[in-house]
Amino acid sequence: MSEKNKPNGVVGPLVSRPVDEERNRLILADVERVLNEGRSPLALTQRKDHVELLVTQARALTPHVIALQGGRTPRQRVALAEQMA
């Protein structure tokens with residue numbers, strides 16, 4: 001596949017990079033630690049599939065999980081902002 005044909009102009013290993021289970025486990029361990037300290041964690045990722053995976057797993061730790069990602073309608077963005085207030 002030529003570089004022109006790759007989605008969003010992404011080149012190389014990012015296109016086919018598998019989910020790193022160990023990395024996700026470490027991220028969620030950090031989220032749990034921060035929650036236990038009474039703080040609000042923030043996890044950043046560029047990949048929507050990674051957001052969905054982390055949100056699903058984080059909901060086992062707390063019901064208060066908010067995912068901010070592109071492609072939301074104005075109404076959805078307002079609802080998320082209200083949820084965070």
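A polar contact here is a pair of N or O atoms within 3.5 Å, and within protein one atom must be able to donate a hydrogen and the other to accept it. With that cut-off in hand, welcome to a tour of this predicted model.

View 1. Thr 62 sits in the loop that joins α3 to α4 (74–84). A polar atom of the Thr 62 side chain lies 3.3 Å from the backbone nitrogen of His 64. Is Thr 62 buried or exposed? Thr 62 counts as buried, because its relative accessible area is 15% and the limit for burial is under 20%.

**View 2. The whole chain and its confidence.** The protein has four helices and zero strands, which follow one another as α-α-α-α along the sequence. Of its 85 residues, 16% count as buried. If you take contacts between residues at least 6 apart in sequence, 40% of them join residues at least 24 apart. The average pLDDT of the protein is 81, and 78% of the residues score at least 70. Helix α2 (residues 21–36) has the highest confidence, at 93, while helix α1 (residues 13–16) has the lowest, with a mean of 48. Please read residues 1–6 with care: their pLDDT is below 50, and the stretch has five contacts in the model beyond near neighbours in sequence.

**View 3. Helix α2 and its buried face.** Helix α2 has 16 residues and spans 22 Å from its first C-alpha to its last, close to the 22 Å expected at 1.5 Å a residue. Its buried residues are Asn 24, Leu 28, Val 31 and Val 34. Seen down the helix axis, the buried residues of α2 fall within an arc of 120 degrees, so they line one face of the helix. An α-helix has 3.6 residues a turn, so residues three or four places apart point the same way. The partner of the buried α2 residues is α3 (48–58), against which they pack.

**View 4. The two ends of α2.** At the start of the helix, a side-chain oxygen of Asp 20 comes within 3.2 Å of the backbone nitrogen of Glu 22. Just after the helix, Gly 38 adopts a positive phi of about 80 degrees.

View 5. Which residues of α3 are buried? They are His 50, Val 51, Leu 54, Val 55 and Ala 58. These residues cover an arc of only 130 degrees around the axis, which puts them on the same side of α3. Helix α2 is included in what covers them. The largest nonpolar core has seven residues, namely Leu 28, Val 51, Leu 54, Val 55, Ala 58, Val 65 and Ala 67. Four of these residues, the largest share, come from α3. Leaving aside residues up to four places away in sequence, Val 55 touches Val 65 and Ala 67. In soluble globular proteins, nonpolar side chains tend to be buried together.

View 6. Leu 42 belongs to the loop between α2 and α3. Leu 42 is exposed, because its relative accessible area is 70% and the limit for exposure is over 50%. From C-alpha to C-alpha, Leu 42 and Val 65 are 9.8 Å apart in space, and 23 residues separate them in sequence. Val 65, by contrast, is one of the residues of the largest nonpolar core.

Notes. Residues are numbered from 1 along each chain as its sequence is written. Side-chain values use heavy atoms; hydrogens and water are left out. pLDDT is the predictor's confidence in each residue, from 0 to 100. Contact means heavy atoms within 4.5 Å. The expected span of a helix is 1.5 Å times one less than its number of residues. Buried means under 20% relative accessible area, exposed over 50%, partly exposed in between (1.4 Å probe, protein chains only). The arc is that of the directions from the helix axis to the C-beta atoms. A nonpolar core is a set of buried Ala, Val, Leu, Ile, Met, Phe, Trp, Tyr and Cys residues joined through side-chain atoms within 4.5 Å.
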